[in-house]
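Please look through the following model.

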Amino acid sequence: MASVALKQVRKIFGSTEVIHGVDVSIADGEFVVLVGPSGCGKSTLLRMIAGLEEITAGEIRIADRVVNTIPPKQRDIAMVFQNYALYPHMTVFDNMAFSMKLAGRSRQEMEQQVDRAAKILGLTEYLERYPRQLSGGQRQRVAMGRAIVRDPQVFLFDEPLSNLDAKLRVQMRTEIKELHQRLQTTSIYVTHDQIEAMTMADKIVVMNGGRVEQIGSPLELYDDPANLFVAGFIGSPAMNFLKGRLTTNGVGRGVEIEAGCVLPAPDTREPDGREVVVGVRPEHFGIGEPCVQAEVVVVEPTGADTQVYCRLAGREVTAVSRERHTFRPGDRIQLKPQRGKSYLFDPASGGRLQ
């Protein structure tokens, strides 16, 4: 096992800079998820850690070694790809043992290592099958088994679940997390799915446009977002954002969305009249509590929750309730943010206002 450190890592393709001085420190045994929208640079960053892409500037360190110029096979890492990358003409056993065969390991050692990995992943009965005879989830387990037998210092996962159906993705999320807890190997996982990031990570690195927006534990990012991008990206359904001006009334600070429509705001030293964006998570909108009036647009019962899409002061907002409401489109309802559960942001920079 080993720590991983990225210091001012940059990547330029031609005249386009796609990674802008990224700094990330990953502790020994930590499970870190790089998350962000498509094109944000997370997969490029992972490939640079693996040695599949050269870095333009900066330093990548695995354990005590700077690996900038070290070839992939000498970095002591194992990578699990999105498309499994299995050899179709080889059995499951041969796929899992292939790297050991190339390294000249004995048949006995290969059998021991493959048997150990197969037991961990529930693949023992499939060792003589070919990839075409396996389901998507089983193929992904084989890809992980091939990585496990190498006993690397670092596991790298490049969107490994994106080809699976929704139910299987949930199952495989749990299996990968359980695998990490058992092996305690440093793991770096790339995804664009923030639910995967929230449920699997010890630490999340949120990326956007080749830059790191914020680093923290899942609940730190959810409860204490640094800016509009992180607040809107982490959480499902997404946080509601409403522009307005700060004001003070008889019950404290508020944000006036339009004349006569004021939402409670967290305490702040910012002056009245300042333009702000107030953010409220859907589950923090109290439904039916007197405050501001909204018009129901769509109601989506999901079983455990009811999601109510509304129009408030001409803007679309979402409220989530554990109660089962029977609203119809066009109904007028009252919404109220929970005191202390809203956020203020600067509309120009997107930064959080304390």
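In the predicted model, A78 stands opposite F155 in strand β7. A78 belongs to strand β6 (residues 77–80), both faces of which are covered. On one side I77 and M79 are buried, and on the other A78 and V80 are buried. Here buried means under 20% relative accessible area, exposed means over 50%, and partly exposed lies in between (1.4 Å probe, protein chains only). In a regular strand the side chains alternate between the two faces of the sheet. Strand β6 is joined to β7 (residues 154–158) by four bridges, and the two strands run parallel. Strands count as paired if DSSP finds at least two bridges between them. Helices (H or I, at least four residues) and strands (E, at least two) are DSSP runs numbered from the N terminus.

Because this is a predicted model, local features need pLDDT of at least 70 and side-chain atom pairs count only at pLDDT 80 or more, while totals for chains, interfaces and linings use all residues. Residues are numbered from 1 along each chain as its sequence is written, and side-chain values use heavy atoms, with hydrogens and water left out.

Is S187 buried or exposed? At 2% relative accessibility, S187 counts as buried.

**An open sheet**

Another group of strands, four in number, forms an open sheet in the order β17-β16-β15-β18, with antiparallel pairing. β17 (315–321) and β18 (332–337) stand at the edges with a single partner strand each, so one side of each has no neighbour in the sheet. On average, neighbouring strands of this sheet are turned by 50° against each other, direction ignored. Axes are lines fitted to C-alpha atoms, for helices over the stretch in contact, and angles run from 0 to 180 degrees between N-to-C directions. Strand β16 (residues 306–312) and β17 run antiparallel and are joined by seven bridges. Within this pairing, Q307 has V320 in β17 as its bridge partner.

**Helices**

Helix α1 (residues 42–50) is mostly covered, with seven of its nine residues buried. These are K42, T44, L45, L46, M48, I49 and A50. Just after α1, G51 takes a positive phi of about 90°.

Two packed helices are described by the angle between their axes and the distance between the axes. Helix α2 (residues 92–102) and α3 have axes that come within 10 Å and cross at roughly 130°. α2 and α3 are therefore oblique to each other. Angles under 35 degrees count as roughly parallel, over 145 as roughly antiparallel, 65 to 115 as roughly perpendicular and the rest as oblique. The crossing of α2 and α3 is right-handed. A crossing is right-handed if the near helix is turned clockwise from the far one by less than a right angle, and left-handed if anticlockwise. On the α2 side the contact is made by F93, M96, A97, M100 and K101, and the α3 residues include M110, V114 and A117.

Helix α3 (residues 107–121) also packs with helix α4 (residues 136–148), at an angle of about 140° and with the axes 9 Å apart. This pair is therefore oblique as well, and its crossing is right-handed. R116, A117 and L121 in α3 meet R141, M144, G145 and I148 in α4.

**Salt bridges**

How many salt bridges does a search of the whole structure find? The search finds 20 salt bridges, each defined as a side-chain nitrogen of Lys or Arg within 4 Å of a carboxyl oxygen of Asp or Glu. Three of them are listed here.

| Salt bridge | N to O distance |
|---|---|
| E17 and R10 | 2.7 Å |
| E109 and R105 | 3.2 Å |
| R182 and E178 | 3.8 Å |

E17 is partly exposed at 27% relative accessible area, and R10 is partly exposed at 30%. E109 counts as partly exposed at 30%, as does R105 at 38%. R182 and E178 both lie in helix α5 (residues 166–183), four residues apart, about one turn of the helix. R182 is partly exposed at 48%, and E178 at 42%. Elsewhere, salt bridges that share partners join K11, R47 and E53 into one network.

Conventions:
Contact means heavy atoms within 4.5 Å.
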